[in-house]
Amino acid sequence: MKWLRMLALYFERVFEYRLRSFIWLMLPLINNFMMILFWSGAGINTPAISSYYILLTVGGLLTTSHVELEVSDTDIKQGQLVNHLTKPISYFWAQLLSEVPYRILQALYVSGMIGVLLIFFPHALTISPSIFHIPLIIIIFVMGYMLSFTFKLSLGYLSFWFKDVRGLTELVTIIIIIFSGGIMPLPWYPSLLQTISNILPFAYSGYYCVAALQGIVPLGGLFGIIAVQGVWLGVLLIINNALWVNGIKEFTAVGQ
Amino acid sequence: MKRYIRIYKAIIKINAALILAYRANFINHIFSSFAWGVFNVVLILLLTSKTKLVFGWRSEELVIITIGYIIVTGVFYSLFAHNFENFSRVIDRGEFDSLLLKPLDTQFQISMMRVSFASLIRTVFGTIFLIWWLSSHHFAIGPFQVAGFIILVGLGVIVMYSVWFLFIAMLMWYPNLNNIIELLYTLNGFARYPTEMFKSIGIAPFLVFLPLSIIVATPVKVLLQ
């Protein structure tokens, strides 16, 4: 009941500012629209590349967490973390729960967007996963989101030690865009960048989610993606926990 | 006019003093501003690694558009963008009436009270990179082309200011829409691609994107003539 009540409150907050949420939807949409236009000018205007950027928008909205700024600025720097510490729920789960309504609203927008797209441009989107792949694709998306969330939360925790992590956050954003396949599909990258992308966790909440949805990854490959996501999630959860346990000792808040 | 120039000089001095007061913050902003400048170069180098010609522009010329974009945005973000970032808070917290009552033009106060020296690093980086790129790729550039480029970059900054101001004015009706700034930063991205790219999607959308798409492409065309 406690969880449901909290979820309802978070839903209320997200749905109060629907237009703001719509603008967040517009950002990746505009960026990826520019990419589709760019490739059309280069003579590479295949449905596969349009699909890639459309699905990258969808994947980005569903699997990319933006929790780090609220954690670092509002909770740690401004001291709002005190409110969370007195609640009978861990901070990790509270943050995760607060993002669920946001994801649902984004999913609603995305469904509408894809619906309109399929009506007016039926050939712009090619998704061909086998029906048997769908449960695995759902797992890949959930794990992709968990990877992004845990990483961004850990990034926010750095504010326990540093006064301003904005510069670092922006640098990490750039690294994520490059190594998650945010510029173009990973197989198009130079081999060195491909290798680095495959080692780092970012492609597993970006490119590989899109590739799975496009249907270009065989069944064995889907299991491979989930395995790597699992390993990275384990590593990030350990780091996240260590940062929290040590960071909370640095936190002080005073009031009258 | 003279009065406003005098006031703006005082604003620059105050903002310079703030650098000394918040040194870590300044270094942090220099770092992130530089990183975004480098990212734009990496982005276009990656894109042009797959293709040599886009809408009639060679890959070396596309890199010059990107460098031009870095220079223009560096100037714009230094002079105006940080002021606009603050406007939502001014409206939301009811501070706008205090601006209206001051014996200074309100638009001047909204647009020019903050100067971000850290963002200028982008312009410096872009200018050095442009000189190196032009010389290493043997572009023959004369003084008239350089003068034309500088004048058109200045006009581009004014166009960018106008587009931003149109959007920012919406905050008077929707003060909670503070992420409109993020939308504007994203829309600015249109300026780093050739104008021809937007012609390909039809005349109506082209006219919508026209103001942003000519900001950088036009000065670069003059530079390369």
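Predicted model: local features only at pLDDT ≥ 70, side-chain atom pairs only at ≥ 80, totals over all residues.

Reply: Residues are numbered from 1 along each chain as its sequence is written, and chains are lettered from A and ligands numbered from 1 in the order in which they are written.

Me: Why is α4(A) called roughly parallel to α7(A)?

Reply: Helix α4 (residues 68-77) and helix α7 (residues 134-157) of chain A pack at an angle of about 20 degrees, their axes being 7 Å apart. Angles under 35 degrees count as roughly parallel and those over 145 as roughly antiparallel, so α4(A) is roughly parallel to α7(A). The contact (C-beta atoms, placed from the backbone, within 7 Å) involves E68(A), V71(A) and S72(A) of α4(A), and residues of α7(A) including K152(A) and L153(A).

Me: What makes α7(A) and α10(A) roughly antiparallel?

Reply: Helix α10 (residues 207-214) of chain A packs against α7(A) at an angle of about 165 degrees, with the axes 10 Å apart. The pair is therefore roughly antiparallel. I137(A), I140(A), F141(A) and G144(A) in α7(A) meet Y208(A), C209(A), A212(A) and L213(A) in α10(A). By class, this contact has 7 nonpolar, 1 polar and no charged residues; Ala, Val, Leu, Ile, Met, Phe, Trp, Tyr, Cys and Pro count as nonpolar, Asp, Glu, Lys and Arg as charged, and the others, Gly among them, as polar.

Me: Why does L219(A) count as exposed?

Reply: L219(A), which lies in helix α11 (residues 219-247) of chain A, has 11 C-beta neighbours inside 10 Å. A residue is exposed if 12 or fewer other C-beta atoms lie within 10 Å of its own, and buried if 20 or more do; L219(A) therefore counts as exposed.

Me: How do you know that the buried residues of α8(B) line one face of the helix?

Reply: The buried residues of helix α8 (residues 180-188) of chain B are I180(B), I181(B), L187(B) and N188(B). Seen down the axis of α8(B), they fall within an arc of 120 degrees, so they line one face. The elements covering them include α2 of chain A.

Me: Which helix gives the most to the side of chain A that touches chain B?

Reply: In all, 29 residues of chain A are in contact with 33 residues of chain B. α2(A) gives the most to that side of chain A, with 13 residues.

Terms used. Contact = placed C-beta atoms within 7 Å. Helix = DSSP H or I, 4+ residues; strand = E, 2+ residues; numbered from the N terminus. Axes fitted to C-alpha atoms, helices over the stretch in contact; angles between N-to-C directions. Parallel < 35°, antiparallel > 145°, perpendicular 65-115°, else oblique. Arc of directions from axis to C-beta.
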